[in-house]
Amino acid sequence: MWSGAVSFGLVSVPIKLYSATTNHDIRFHQVHAADGGRIKYKRTCSIDGEEVDYADIVKGYETEDGELITLDDEDLDSLPVATGHEIDVVEFVPADQIDPLLFDKSYYLEPEAKAAKPYALLREALVQTDRMAVVKVALRQRETLALLRVRDKAIVLQTMLWPDEVREPDFDILDTDVDLRPQELTMAASLVESLGADFDPADFHDDYRDAVVELIERKRTTGETRPAPVAEKRDEGPDSMTDLLSALQASVEAARSAAGGSGAGSGSTKSESSTPESDDEEKKPARSGSRSSSGTTKKAPARKPAARKKADSDEETAEPRKRARKPA
């Protein structure tokens, strides 16, 4: 998901970053019990109740005294953005000084082929000194505090919360003096020892998730299923893009109508001779100066010859149609 280099002193270790954890929760959709349709949520304004387009939404911050401050894209673009690909080591600290409450997300660091030796050197140095490296790294355009620690043969980048993101427990009852007798302390310590064991995460399972998977599988095998419905697309009214396309389409059709009207003025009226022509003349194309049955010479029209009877085949009439558009 990210590539860069770990830099400490004059040493640079090219690496690639991979998420070290994944979520196996069973994710459900909210559906209508009657027909199985997905439940959707619309963005509506709390003042006028109208649905708001995403393009009209900006970020807002409300102060403690009720003042609203909005930030648009231009404001956000003016903020400093960290885009470097360096994991800079700030200091090496003892591992027991890091409060696990500060841990956030874990990522594996994979070294490039040419960086196998410096990667192993950094890993073994952390193990032998029992220290972690405090680093700063830019992930998703934001700089964050993180640790480099060792897990088996891999170096783990452990992102951390900022100190002001950790809440302090403010419970008055914790300041109450409690009288603990020695016998109670001994009994509690004995109970702890009796339940003592070496921790192996493989010994633990998500019983709830396993039960959900079993329930879903049982319903599937017993036929308690139905086809997932496909929602029909509804006309939710035109948006700005639809209005633009409609305007462009109307403009094109108007231009075509104007062009067609100006080109068909002289040849739009059809006239047929009352005297039938012979078969030979019917097959001949109309030409300028052709003679009618009455012996009168007709003038050729400017664009299109006078209408004649349809020829017996399309092949015979194809060329006259092409020639009819040529000027006389």
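**View 1. Helix 4 and the place of Asp 210.** Helices are DSSP runs of H or I with at least four residues, and they are numbered from the N terminus. In this predicted model, Asp 210 is found in helix 4, which covers residues 207-221. With a relative accessible area of 39%, Asp 210 is partly exposed, because that term applies between the limits of 20% for buried and 50% for exposed. Although Asp 210 and Ile 26 are 184 residues apart along the chain, their C-alpha atoms are separated by 9.6 Å. The 15 residues of helix 4 should span 21 Å at 1.5 Å a residue, and this agrees with its end C-alpha atoms, which are 21 Å apart. Just after helix 4 comes Gly 223, which takes a positive phi of about 80°.

**View 2. Helix 3 and its cover.** Helix 3 is made of residues 182-194, and for these 13 residues a span of 18 Å should be found at 1.5 Å a residue. The end C-alpha atoms of helix 3 are 18 Å apart, which agrees with that expectation. Helix 3 is hardly covered, since the count of buried residues among its 13 residues is zero.

**View 3. Gln 158 and its surroundings.** Gln 158 has its place in strand 9, which runs over residues 154-160. Its relative accessible area is 3%, so Gln 158 is buried. The side chain of Gln 158 makes a polar contact with the side chain of Ser 106, at 2.9 Å, and the side chain of Gln 158 also reaches the backbone oxygen of Lys 105, at 3.3 Å. When neighbours within four places in sequence are left aside, the residues in contact with Gln 158 include Phe 103, Asp 104, Leu 145, Ala 146, Leu 147 and Arg 149.

**View 4. The largest nonpolar core.** In soluble globular proteins, nonpolar side chains tend to be buried together. The largest nonpolar core of this model has 22 residues, of which Val 6, Ile 15, Ile 87, Leu 109, Val 135, Leu 148 and Leu 157 touch the most other members. At least two residues of this core are supplied by each of several elements, including strand 1 (2-8), strand 2 (11-19), strand 5 (86-94), strand 6 (103-111) and helix 2 (116-129). Strand 7 gives the largest share of this core, four residues. Apart from this core lies another, of nine residues, with Val 93, Leu 102, Met 132 and Met 160 among them.

**View 5. Asp 130 and Asp 152 in their loops.** Asp 130 is placed in the loop between helix 2 and strand 7, while Asp 152 is placed in the loop between strand 8 and strand 9. The phi of Asp 130 is near 55°, a positive value in a residue other than glycine, and the phi of Asp 152 is likewise near 55° and positive. Asp 130 counts as exposed because its relative accessibility is 53%, and Asp 152 counts as exposed at 67% relative accessibility.

Technical notes: Residues are numbered from 1 along each chain as its sequence is written. This is a predicted model: local features need pLDDT of at least 70, side-chain atom pairs count only at pLDDT 80 or more; totals for chains, interfaces and linings use all residues. Side-chain values use heavy atoms; hydrogens and water are left out. Buried means under 20% relative accessible area, exposed over 50%, partly exposed in between (1.4 Å probe, protein chains only). A polar contact is a pair of N or O atoms within 3.5 Å; within protein, one must be able to donate a hydrogen and the other to accept it, and residues adjacent in sequence count only if both atoms are side-chain atoms. Contact means heavy atoms within 4.5 Å. A nonpolar core is a set of buried Ala, Val, Leu, Ile, Met, Phe, Trp, Tyr and Cys residues joined through side-chain atoms within 4.5 Å. The expected span of a helix is 1.5 Å times one less than its number of residues.
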